[in-house]
Amino acid sequence: MKEELHAILKQAEEDLKRAQTFFDLNNLKSRFVGKKSVINQFMKRLGSLSPEERPAFGKQINDVKTKIESIIKATEERINSKLYEQSVKAASFDYTMPARPSEIGSLHPISIIQHQIEDVMISMGFQVAEGFDVEDEFHNFDALNTPKDHPARNLADTFFIEKDVLLRTQTSTVQIRVMENYKPPLKIISPGRCYRNDKFDQTHSPVFHQLEALVVDENISFKDLKETLNHFAVRMFGTSCKTRFRPHFFPFTEPSAEMDVSCFNCGGKGCSTCKNSGWIEIAGAGMVDPNVFDAIGIDSEKYTGFAFGCGIDRITMQKFCIPDIRFLFENDLRFLRQFNNFSDYNINR
Ligand code: PHE
């Protein structure tokens, strides 16, 4: 019996040495010291021995059991530390490594210039009003005194979504929306997207950006319009910038004008940017036509007003020397990354 016990201990030692996982270990545990284990079989045999033999034999069984249990404990620790090592290896990384740089987005050049124009206008007391990209004929044409047979209403010029629903061709729609909802005195600007059925080429895009301005009050004159636009031009393009007003026609302003600024590429001498004229057109403007006031229910005897609309894309192209409007819409990252260093706060302040 002694030999048998010794053989069991030897076997347990060998098997436990080979155990690599807790699964192996649990199997061996129940095989050697569990309820149905060989050791337990020996315990059962104790009953058949004489009372004199029992204590010595019982002690031998217990000794072997204690030894096996201590080997089991050591094996458990060995497996545990091996698993820990493996998990550390799998998860190990260098905490001192610098993080991979993440790309931070920047403002689109159009947004940079739009914010700058807004700042200049807000500093003159204008409030920002929002309009809709999708409009009806009333706000885009009728209320703006545009005759039914005006060529702009043509499908070739305007994107119609369905009858009487269109993509606005100008931010002047917001003049009407504001006058419908608020009483004079009014002093608002409204930047936003406009849409025209134009080809996408170097100087045209079917989507473009305008910023509208509208002032309505008693005694507003053309002088106020000129002074506002002149101040706007100096703030946007610097004190050396000259302006000129050319007579023009818009259905909703009378008199109407277009404003040019001296070309900041050549300073007015003439270059390819200004097509050798020395001037660049940046805004349409005029005194609000009394017909517009009448259609919207504002007393045209008491109130006068001026409005202008400037092209944000064109001003952006001028300020950043961008030779082709398509750069502004194609979202090529190589182009856009060049504006990473421009925040709202570091140009022309
Ligand atoms: N809406 C005109 C255009 O798109 C510009 C304009 C605005 C003219 C306000 C006069 C007054 O060309």
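**Exercise 1.** Is threonine 169 buried or exposed, and which residues surround it?

*Solution.* Step 1: Threonine 169 has a relative accessible area of 6%. Buried means under 20% relative accessible area, exposed over 50%, and partly exposed in between (1.4 Å probe, protein chains only). Threonine 169 is therefore buried. The model is predicted: local features need pLDDT of at least 70, side-chain atom pairs count only at pLDDT 80 or more, and totals for chains, interfaces and linings use all residues. Residues are numbered from 1 along each chain as its sequence is written, and side-chain values use heavy atoms, with hydrogens and water left out.

Step 1: Find the place in the chain. Threonine 169 belongs to the loop between β4 (165-167) and α7 (173-181). Helices (H or I, at least four residues) and strands (E, at least two) are DSSP runs, numbered from the N terminus.

Step 2: List the contacts, where contact means heavy atoms within 4.5 Å. Apart from neighbours within four places in sequence, threonine 169 touches Asn140, Phe141, Thr158, Cys194, Tyr195, Arg196 and Phe208.

Step 3: Look for a polar contact. This is a pair of N or O atoms within 3.5 Å; within protein, one must be able to donate a hydrogen and the other to accept it, and residues adjacent in sequence count only if both atoms are side-chain atoms. The side chains of threonine 169 and asparagine 140 make one of 2.9 Å.

**Exercise 2.** Which residues come nearest to the ligand, and how much of the ligand's accessible area does the protein cover?

*Solution.* Step 1: Count the shell. A residue is near a molecule or strand if one of its heavy atoms lies within 4 Å of it. There are 14 residues around the ligand, and Gln170, Ser172, Arg196, Gln210 and Glu212 come nearest.

Step 1: Sort the shell by class. Ala, Val, Leu, Ile, Met, Phe, Trp, Tyr, Cys and Pro count as nonpolar, Asp, Glu, Lys and Arg as charged, and the others, Gly among them, as polar. The shell holds 5 nonpolar, 7 polar and 2 charged residues.

Step 2: Assign residues to strands. At least two shell residues come from each of β6 (207-217), β9 (279-288) and β10 (304-311). Strand β10 gives the most, with 3 residues.

Step 3: Read the distances. Polar side-chain atoms of glutamine 170 and serine 172 each lie by a nitrogen atom of the ligand, at 2.8 Å for glutamine 170 and 2.9 Å for serine 172. For glutamine 210, a side-chain N or O atom is 2.8 Å from an oxygen atom of the ligand. The ligand on its own has 320 Å² of accessible area, of which the protein covers 90%. Accessible areas come from the Shrake-Rupley method with a 1.4 Å probe; for residues, only the protein chains shown count as cover.

Step 4: Examine serine 172. Its place is in the loop between β4 and α7. With 4% relative accessibility, serine 172 is buried. Leaving aside neighbours within four places in sequence, serine 172 contacts Leu144, Glu212 and Phe252.

**Exercise 3.** In what order do the 7 strands of the open sheet stand, and which are the edge strands?

*Solution.* Step 1: Two strands pair if DSSP finds at least two bridges between them. The order is β1-β5-β6-β10-β9-β8-β7, with mixed pairing. The edge strands, β1 (127-128) and β7 (243-250), each pair on one side only.

Step 1: Follow β6. Strand β5 (residues 186-195) pairs with β6 in the antiparallel sense over 10 bridges. Strands β6 and β10 also run antiparallel, joined by 8 bridges. Of the 11 residues in β6, 9 are buried.

Step 2: Arginine 193 stands opposite histidine 209 in β6, and lysine 187 has valine 215 in β6 as its bridge partner. Alanine 213 has phenylalanine 308 in β10 as its bridge partner.

Step 3: Histidine 209 is buried, because its relative accessibility is 11%.

**Exercise 4.** Where is asparagine 219, and is this residue buried or exposed?

*Solution.* Step 1: Asparagine 219 is in the loop between β6 and α8 (222-237).

Step 1: Its relative accessible area is 71%, so asparagine 219 is exposed.

Step 2: The phi angle of asparagine 219 is near 60 degrees, a positive value in a residue other than glycine.
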